[in-house]
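Hi,

Here is the structure I promised to send over.

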Amino acid sequence: MNHPTQIHAGYTPVLDCHTAHIACKFATLDKKLDKRSGKVLEENPKSLKNDDAGMVTLVPSKPMCVEQFSEFPPLGKFNTE
C-alpha cells in the first residue's frame, strides 16, 4: 500500500470498491485490534501504523452504492492506491 507511515482521522485515500474508484475520508479511527485474536487493543486510537489492524469509519467524497458483505462476500475486499 502506498500511504503515510501513520494514518490519522482526516486522511483521504482513493479506494477501489468493486467498480467504484472514489476518495474516502477516514472520519474516525474507532478501534485498534490484535490481528490474530481480533481483541480490542485500544479504543479511539490517535493513529494506525503500517501492519496495524483496526476498525474505522470511512466517508466517501461522493455517493456510492455498496452491496452487503453477507450477500456478496467477494466484494468485501478493497485495495488502496
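**What I found**

Let me start with a turn: the hairpin of strand 3 and strand 4 has six residues between the strands, and Gly38 there takes a positive phi near 80°. Strands here (E, at least two residues) are DSSP runs, numbered from the N terminus, as helices (H or I, at least four) would be.

Before you read on, note that this is a predicted model: local features need pLDDT of at least 70, side-chain atom pairs count only at pLDDT 80 or more, and totals for chains, interfaces and linings use all residues. Residues are numbered from 1 along each chain as its sequence is written, and side-chain values use heavy atoms, with hydrogens and water left out.

Now the sheet. Two strands pair if DSSP finds at least two bridges between them. Strand 3 (residues 20-33) has these pairings:

- Strand 2 (residues 14-17) runs antiparallel to strand 3, with four bridges; Leu15 stands opposite Ile22. The two form a hairpin with two residues between them, and His18 in the turn has a positive phi of about 55°.
- Strand 4 pairs with strand 3 in the antiparallel sense over three bridges, and Glu42 is the bridge partner of Lys32.
- Strand 6 is joined to strand 3 by eight bridges, again antiparallel, with Gly54 opposite Lys32.

One joins Asp52 and Lys32, at 3.6 Å, N to O. Asp52 lies in the loop between strand 5 (48-49) and strand 6 (53-60) and Lys32 in strand 3, so the pair ties together parts 20 residues apart in sequence. Asp52, with a relative accessible area of 30%, and Lys32, at 22%, are both partly exposed (between buried, under 20%, and exposed, over 50%; 1.4 Å probe, protein chains only).

The other joins Asp51 and Lys35, at 2.7 Å, N to O. Both of these residues are exposed.

Last, Phe26, which sits in strand 3. Is Phe26 buried or exposed? Phe26 counts as buried, at 12% relative accessibility. Beyond its neighbours within four places in sequence, Phe26 is in contact (heavy atoms within 4.5 Å) with residues including Ile7, Tyr11, Pro13, Val56 and Leu58. Phe26 and Pro13 are 13 residues apart in sequence and 8.4 Å apart in space, C-alpha to C-alpha.

Cheers

Methods: A salt bridge is a side-chain nitrogen of Lys or Arg within 4 Å of a carboxyl oxygen of Asp or Glu.
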